[in-house]
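Here is a short report on one chain. Start with the sequence and the fold, then read on for the details.

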Amino acid sequence: MQVPDDVRSYFGIRGVRWTRRREEIFAALCGCADHPTAEELFQKVGVRDTGISLATVYSTLELFTRRGLCRRIGAVHSADQRAGGARYDADTRDHAHVITADGRVLDLPEDLGREVLARLPSDVLDAVRSRTGVRVARVAIEFIEDA
Ligand SMILES: [Zn+2]
């Protein structure tokens, strides 16, 4: 995802106070196509240059998630059941993910994702509501590669 031109106002309209460190973490997340974990993002922003700690990366990603600046994908289990930590996505639009056997998370091409969602029968969503009591706000689909 491209970093917004005016990060201060992008943060501001979501109630996040701008700081240089927050912008650096957000820019690093936007620069990742592979939906990094907090640890992977921490490696990328580099404590040596920025003084940003792993704890700061964690808390900032949680803040961004609460305020809609990014989305937490949840712990990803690849086909070989290797557990990974929560992954984060700066692209908050609805889109589907493909999880590779080695645990990488890739975006499904947008047109293909739209096609999958369009083919989801509305009576299935109605059944989810009637059988679980949960009204579905959005659907997240993950395609997991065979190991
Ligand atoms: Zn994504």
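This is a predicted model: local features need pLDDT of at least 70, side-chain atom pairs count only at pLDDT 80 or more; totals for chains, interfaces and linings use all residues.

Three strands form an open sheet, in the order 4-3-5, with mixed pairing. Strand 4 (105–107) and strand 5 (142–144) are the edge strands. Each has a single partner strand, so one side of each is left without a neighbour in the sheet. From one strand to the next, the twist averages 25°.

Strand 3 covers residues 97–99. Strand 3 and strand 4 run antiparallel and are joined by three bridges. Across this pair, His-97 stands opposite Asp-107 of strand 4. In general, strands of a sheet pair through backbone hydrogen bonds, either parallel or antiparallel.

Ala-96 sits in the loop between strand 2 (83–89) and strand 3. Is Ala-96 buried or exposed? Ala-96 is buried: 20 other C-beta atoms lie within 10 Å, and the cut-off for buried is 20 or more.

Leaving aside neighbours within four places in sequence, Ala-96 is in contact with Leu-108, Gly-113, Val-116, Ile-141 and Phe-143. Leu-117 is 21 residues from Ala-96 in sequence. In space, the C-alpha atoms of Ala-96 and Leu-117 are 8.9 Å apart.

## Overall layout

The chain has seven helices and five strands. From the N terminus, the elements run α-α-α-α-α-β-β-β-β-α-α-β. Along the principal axes, the C-alpha atoms fill a box of roughly 50 × 40 × 30 Å.

The chain has 147 residues, and 20% of them count as buried. Take the contacts with a separation of 6 or more: residues 24 or more positions apart account for 46% of these.

## Nonpolar core

The largest nonpolar core has 18 residues. Those with the most contacts inside this core are Ile-25, Leu-29, Leu-41, Val-45, Val-57, Leu-61 and Cys-70. Helix 2 (20–30), helix 3 (38–45) and helix 5 (54–66) are the elements that give two or more residues to the core.

Which residues does Leu-41 contact, leaving aside its neighbours within four places in sequence? Leu-41 is in contact with Ile-25, Ala-28, Leu-29, Pro-36 and Val-57.

## Helix 2 against helix 5

The axes of helix 2 and helix 5 come within 10 Å and cross at roughly 80°. That makes helix 2 roughly perpendicular to helix 5, because angles from 65 to 115 degrees count as roughly perpendicular.

Helix 2 brings Arg-21, Arg-22, Ile-25 and Phe-26 to the contact. Helix 5 brings Thr-56, Val-57, Thr-60 and Phe-64. The residues of this contact divide into four nonpolar, two polar and two charged. Ile-25 and Val-57 take part in this helix contact. Both are also listed among the core residues with the most contacts.

Trp-18 lies in the loop between helix 1 (7–12) and helix 2. Why does Trp-18 count as partly exposed? Trp-18 has 15 C-beta neighbours inside 10 Å.

Leaving aside neighbours within four places in sequence, Trp-18 is in contact with Val-7, Arg-8, Phe-11, Gly-12 and Glu-23. Tyr-58 is 40 residues from Trp-18 along the chain. The C-alpha atoms of Trp-18 and Tyr-58 are separated by 17 Å.

Methods:
Residues are numbered from 1 along each chain as its sequence is written. Helices (H or I, at least four residues) and strands (E, at least two) are DSSP runs, numbered from the N terminus. A residue is buried if 20 or more other C-beta atoms lie within 10 Å of its own, exposed if 12 or fewer, and partly exposed in between; C-beta atoms are placed from the backbone. Two residues are in contact if their C-beta atoms, placed from the backbone, lie within 7 Å. A nonpolar core is a set of buried Ala, Val, Leu, Ile, Met, Phe, Trp, Tyr and Cys residues joined through C-beta atoms within 7 Å. Two strands pair if DSSP finds at least two bridges between them. Axes are lines fitted to C-alpha atoms, for helices over the stretch in contact, and angles run from 0 to 180 degrees between N-to-C directions. Angles under 35 degrees count as roughly parallel, over 145 as roughly antiparallel, 65 to 115 as roughly perpendicular and the rest as oblique. Ala, Val, Leu, Ile, Met, Phe, Trp, Tyr, Cys and Pro count as nonpolar, Asp, Glu, Lys and Arg as charged, and the others, Gly among them, as polar.
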